[in-house]
Amino acid sequence: MLYRLACALAFSLFAAPAFGIIGGEADGNRHPFVGAIDVRPTGRTIPCTGTLIAPTVFLTAGHCADFFLSLGITQASVSFDPVFSDLATFHTGTIHLHPGYRSDPASNRRQDSHDVAVIVFGQAVAGVTPAALPAAGLLDALGPNALRPQAYPVVGFGISRLLGGRDGGGPRDIDRSSAGTRKTGDWRLMSVTPDWVRFDMQDARACTGDSGAPNFLGDSRLIVGIGIGGDSNCETMSANLRVDTPAVRAFLSQFVTLP
């Protein structure tokens, strides 16, 4: 009942519609609008994640864009195939980073409420219906009573397996070969602040490569936040930037029509 109420209110409020997930499951084509950014031109190997929010506009984390722009690279390619590979279909576009973004060390990214960027493609992505953005201040409008009972699926292309440590002894490390498959898992709400929405990851943990990974409200297409930062062992990743804030909306309004 609360889920239906929350979704009904959410959709009445808008006019129109770097993690793989450890402990999650293969997403297949449940969220075809979630894509992987090919970061290999920057010297990295694990893709970043993001979401198609308009036929030609792809939303991701600002620090993923900074990987490129800091090297003078102004374009990036994105695949929406369930598995990222050289055989995937790629869409190339121009990178736009929020002008307020601070290029800080990873440990400070969770403090940057301007850690957001878009990639604008030259042509519409065929066959993929974009996800939906929330209305201004939607999470505040819904309030904790409507928000807390919901599940918040996270979808990303990052690391999905750890090696060593409690799983096999020795130093714990990420398995770089496990990245590149679109995976999903459900999170539960912990708190909402003016810029951030924080979740209890429980059995589905975000990891390297899930930067920019979206969280959705229940089984809707509505994005409530994008993944920004977490710890090096992929144990906690609660820093998710709200996309219904004035700062994020002012930036996105240059590229999409907002609800």
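Let's start with Phe157: at 0% relative accessibility, Phe157 counts as buried. Buried here means under 20% relative accessible area, while exposed is over 50% and partly exposed is in between, using a 1.4 Å probe and protein chains only. Keep in mind that this is a predicted model, where local features need pLDDT of at least 70 and side-chain atom pairs count only at pLDDT 80 or more, while totals for chains, interfaces and linings use all residues. Residues are numbered from 1 along each chain as its sequence is written, and side-chain values use heavy atoms, with hydrogens and water left out.

Phe157 sits in the loop between strand 8 (151-156) and strand 9 (162-163). Helices (H or I, at least four residues) and strands (E, at least two) are DSSP runs, numbered from the N terminus. Along the sequence, Phe157 and Arg182 are 25 residues apart, yet their C-alpha atoms are 4.6 Å apart in space. Another buried residue to look up is Leu147, with a relative accessible area of 3%. Leu147 belongs to helix 3 (residues 138-147), and its C-alpha is 9.6 Å from that of Val192, 45 residues away along the chain.

Now for the barrel. Six strands close into it in the order 2-3-4-7-6-5, with antiparallel pairing. From one strand to the next, the twist averages 40°; axes are lines fitted to C-alpha atoms (for helices over the stretch in contact), and angles run from 0 to 180 degrees between N-to-C directions. Two strands are called paired if DSSP finds at least two bridges between them.

Strand 2 (residues 34-38) pairs with strand 3 over four antiparallel bridges, and Val34 stands opposite Thr51 in strand 3. Further on, strand 4 (residues 57-61) and strand 7 (residues 116-121) share five antiparallel bridges, with Ile119 as the bridge partner of Phe58. Strand 7 also pairs antiparallel with strand 6, again over five bridges, and here Thr94 faces Val120 in strand 7. Strand 6 (residues 90-97) runs antiparallel to strand 5 (residues 75-79), and five bridges join them; Ala76 stands opposite Gly93 in strand 6. Strand 5 then pairs with strand 2 over three antiparallel bridges, where Ser79 is the bridge partner of Ala36.

Next comes helix 2 (residues 62-69), which is mostly covered, with seven of its eight residues buried. The buried ones include Cys64, Ala65 and Phe68. Cys64 is joined to Cys48 by a disulfide, with 2.1 Å from S to S; the rule for a disulfide is a pair of cysteine sulfur atoms within 2.5 Å, and the count by this rule comes to one. The pair links distant parts of the chain, as Cys48 is in strand 3 (residues 48-54) and Cys64 in helix 2, 16 residues apart. The torsion about the S-S bond is about -85°, so this disulfide is left-handed. Both Cys48 and Cys64 are buried.

A cavity is a set of points on a 1 Å grid over the protein atoms alone where a 1.4 Å probe fits but cannot get out, and lining residues have an atom within 4 Å of a point. The lining is made up of Ile37, Thr60, Cys64, Ala65, Phe68, Ala76, Ile95 and Ile119. Helix 2 supplies the largest share of it, three residues. By class, seven lining residues are nonpolar, one is polar and none is charged, where Ala, Val, Leu, Ile, Met, Phe, Trp, Tyr, Cys and Pro count as nonpolar, Asp, Glu, Lys and Arg as charged, and the others, Gly among them, as polar.

Finally, move along to strand 14 (residues 223-229): seven of its seven residues are buried, so the strand is largely enclosed by the rest of the structure. Strand 13 (residues 214-216) runs antiparallel to strand 14, joined by three bridges, with Gly225 as the bridge partner of Asn215. These two strands form a hairpin with six residues between them, and Gly218 in the turn has a positive phi of about 55°. Strand 14 also pairs antiparallel with strand 15 (residues 239-242) over four bridges, where Gly227 stands opposite Asn240.

Note on methods:
1 Å grid on protein atoms, 1.4 Å probe; cavity = no way out; pocket = protein on both sides within 12 Å on 5 of 7 lines; lining within 4 Å.
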